[in-house]
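Subject: Structure for your review

Dear colleague,

My notes on what was found in it follow directly after it.

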Amino acid sequence: MVYGAINEKGERWYTQMGRVFDAIQNKQTEYNWLITDVECVPRKIEQLCNGKDYCWVTGEELTKIVRENDSQWVWAVLSGFDKNISLSEIMQYPKPYADGYEGFWKNPLSIQHPLAEIEIVPWDSSLTLFLSKREDLVNNFLEFFPSGKDLSAYNSRT
């Protein structure tokens with residue numbers, strides 16, 4: 001099962017990864033990260049991508065980058081994987097994307113990449129989507145961001 005949250009109210013900036021990492025109690029270090037659909041992200045991330053349409057980074061490296069420069073992200077999909085899964089396995093599937101992906105707004109919730117455990121999506125610098133197979137991480141996110149909403153309930157609104 002996938003759990004999700006959306007944060008679009010009550011924050012000065014919605015897409016600062018440092019705050020998201022604080023919200024999930026730095027559990028991002030437990031994963032390796034595929035970062036795709038990158039647009040207007042911290043310069044160090046763009047340098048890591050080095051002209052490719054993705055970046056591959058450990059949770060520790062990602063944390064260091066974010067802690068050194070926690071600037072706002074405009075667009076990206078950060079997909080977190082168990083550290084035992086190799087990049088070659090991951091690249092056998094389509095790369096996740098943010099703009100135009102309709103699956104975020106449908107129930108049941110799903111993570112785009114079938115091998116990912118977590119998905120963090122800075123959405124046009126106006127909101128952050130957080131999806132995880134771990135309910136506790138989503139609950140932590142919602143507790144940290146009191147204006148955040150359960151994504152499944154958000155999708156069910158009329």
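Where is the place of Q25? Residue Q25 belongs to the loop that links α1 and β2. Its phi angle is near 55°, a positive value in a residue that is not glycine. Please keep in mind throughout that this is a predicted model.

**Overall form**

The protein contains six helices and seven strands. Read from the N terminus, the elements follow the order β-α-β-α-β-α-β-α-β-β-α-β-α. Along the principal axes, the C-alpha atoms occupy a box of roughly 40 × 30 × 30 Å. A compact globule of 158 residues would have a radius of gyration near 15 Å, and the 14 Å of the protein agrees with this. Among the 158 residues, 47% count as buried. Of the contacts with a separation of 6 or more, 71% come from residues 24 or more positions apart.

**The sheet**

In general, the strands of a sheet pair through backbone hydrogen bonds, in either a parallel or an antiparallel manner. Here, seven strands make an open sheet with antiparallel pairing, in the order β3-β2-β4-β5-β6-β1-β7. At the edges are β3 (54-58) and β7 (149-150), each of which pairs on one side only.

Several of the pairings can be followed in detail:

- β2 and β4 run antiparallel and are joined by seven bridges; I35 stands opposite L78 of β4.
- β2 and β3 are paired in the antiparallel sense over five bridges; the bridge partner of W33 in β3 is V57.
- β5 (residues 118-123) and β6 (residues 127-132) are paired in the antiparallel sense over six bridges; P122 has T128 of β6 as its bridge partner.

Helix α5 (residues 135-144) packs on the sheet and touches β1 (3-7), β2, β5, β6 and β7. The direction of α5 makes about 15° with that of β1.

**Helix α3**

Helix α3 (residues 59-68) lies across β2 (31-39), β3 and β4 (75-82), and runs at about 100° to β3. Which residues of α3 are buried? They are G59, L62, T63, I65 and V66. These residues lie on the same side of α3 because they cover an arc of only 165° around the axis. The face turned away from that buried side carries K64 and E68, which are exposed. The buried residues of α3 pack against α1, β2, α2, β3 and β4.

In soluble globular proteins, nonpolar side chains tend to be buried together. The largest nonpolar core of this model has 26 residues, of which W33, I35, L62, W73, L78, I120 and F130 touch the most other members. At least two residues of this core come from each of α1 (17-23), β2, α2 (43-49), β3, α3, β4, β5 and α5. Helix α1 gives the most to this core, with four residues. Another core lies apart from it and has 22 residues, including V2, W75, A98 and L151.

L78 deserves a separate entry. Leaving out residues up to four places away in sequence, L78 touches M17, W33, L34, I35, L62, W73, I118, E119, I120 and P122.

**Individual residues**

T58 is found in strand β3. T58 has a relative accessible area of 27% and is therefore partly exposed. Leaving out residues up to four places away in sequence, T58 touches Y31, N32 and W33. Between T58 and L151 there are 93 residues in sequence and 27 Å in space, taken C-alpha to C-alpha.

D37 is located in strand β2. Although D37 is not a glycine, its phi is positive, at about 50°. With a relative accessible area of 27%, D37 is partly exposed.

Finally, the peptide bond from N107 to P108 is cis, with omega near -5°. P108 is placed in the loop between α4 (87-90) and β5.

Yours sincerely,

A colleague

Key. Residues numbered from 1 in each chain as written. Predicted model: local features only at pLDDT ≥ 70, side-chain atom pairs only at ≥ 80, totals over all residues. Heavy atoms only, no water. Pairing = 2+ DSSP bridges. Contact = heavy atoms within 4.5 Å. Axes fitted to C-alpha atoms, helices over the stretch in contact; angles between N-to-C directions. Core = buried A, V, L, I, M, F, W, Y, C linked by side-chain atoms within 4.5 Å. Buried < 20%, exposed > 50% of the residue type's maximum accessible area, 1.4 Å probe, protein only. Arc of directions from axis to C-beta. Rg over C-alpha atoms; globule rule 2.2 N^0.38 Å.
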